[in-house]
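Reader: I've got a new model open on my screen and I'd like to learn how to read it. Can you walk me through it?

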Amino acid sequence: TPLSSLTLPLQVQMAWQIDRLSWQKQTEPLLTHVRGQYAYDGHQHTLTTDEFNMAQGRYTLQAQLQATAPMALNLQWQGQVQVPGPSGKSGPGGPTLDLQSSVQGSLSGAQAQLTLQAQLAPTGTSPKPPPSSPKPAPGRATEPMELTLQAQIQPWQKQVLVQADIESQALDLALLLPGAPQTRLTGQAHVVPEAQGWHLQTQW
């Protein structure tokens with residue numbers, strides 16, 4: 001059911017903490033020792049976290065949600081990922097990657113739409129344009145790890161995903177998600193709805 005508002009009968013300000021968050025039956029936790037603050041001032045919900053670790057990254061999150069229509073949402077996820085050095089261990093020997101990601105849009109009503117964007121690139125790299133349709137990629141062993149993602153989402157529709165484009169270079173999932181396999185993925189994908197399903201154009 002589409003949301004139209006998310007109000008509370010009183011103002012709230014509190015600190016919260018998650019000691020351990022795990023997927024079912026997975027021995028390695030996804031997150032540990034995450035702390036943050038939540039506030040509601042009668043008009044807006046605000047959620048922030050202190051810096052926390054996940055896999056080889058250190059991240060912070062800030063989110064603001066308007067309590068009444070159009071329920072504007074602004075979520076920012078930022079962080080740095082440490083790539084292992086020549087010895088295979090994370091540390092000064094390896095490059096550092098910056099992550100900048102956001103979810104912005106509105107949540108109120110059946111036509112609510114959100115835009116998701118994410119960019120992972122070596123520190124100091126100029127932002128890349130959003131990914132377009134798949135094109136050949138060289139995938140040389142010397143290429144730095146990069147990821148660009150853009151998606152349009154309609155959360156209350158049957159076809160939730162309006163469009164998604166992703167482009168990666170030498171992507172190692174083990175650096176981003178605890179328990180994920182080590183990978184080196186280079187390629188692109190473009191997804192749009194088609195009838196009751198999806199049309200996927202991809203190359204990896």
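Reader: Let's start with Leu-173: how exposed is Leu-173, going by its relative accessible area?

Author: The labels work like this: buried means under 20% relative accessible area, exposed over 50%, and partly exposed in between (1.4 Å probe, protein chains only). Leu-173 has a relative accessible area of 28%, so it is partly exposed. One caution: this is a predicted model, where local features need pLDDT of at least 70 and side-chain atom pairs count only at pLDDT 80 or more, while totals for chains, interfaces and linings use all residues. Residues are numbered from 1 along each chain as its sequence is written, and side-chain values use heavy atoms, with hydrogens and water left out.

Reader: Where is Leu-173 placed, and which residues does Leu-173 touch?

Author: Strands (E, at least two residues) and helices (H or I, at least four) are DSSP runs, numbered from the N terminus. Leu-173 sits in the loop between strand 10 (161-171) and strand 11 (185-194). Contact means heavy atoms within 4.5 Å. Not counting residues up to four places away in sequence, Leu-173 touches Ala-180, Pro-181, Thr-183 and Leu-185. From Leu-173 to Ala-55 is 118 residues in sequence and 9.5 Å in space, C-alpha to C-alpha.

Reader: And Ser-108, is that buried or exposed?

Author: Ser-108 comes out at a relative accessible area of 18%, so it counts as buried. Its place is in the loop between strand 7 and strand 8 (114-122). Leaving aside neighbours within four places in sequence, Ser-108 is in contact with Leu-3, Ser-4, Ala-69, Pro-70 and Met-71.

Reader: What secondary structure does the chain have?

Author: Zero helices and twelve strands. Buried residues make up 32% of the chain's 204 residues.

Reader: Which residues touch the most other members in the largest nonpolar core?

Author: A nonpolar core is a set of buried Ala, Val, Leu, Ile, Met, Phe, Trp, Tyr and Cys residues joined through side-chain atoms within 4.5 Å. The largest has 16 residues, and Leu-31, Tyr-59, Val-81, Leu-97, Leu-120, Met-145 and Leu-176 touch the most other members. Strand 2 (31-40), strand 4 (52-54) and strand 7 (96-106) each supply at least two residues of this core. A second, separate core of six residues includes Met-71, Leu-73, Leu-107 and Leu-114.

Reader: Which residues does Leu-31 touch?

Author: Among them are Asp-19, Arg-20 and Phe-52, again setting aside residues up to four places away in sequence.
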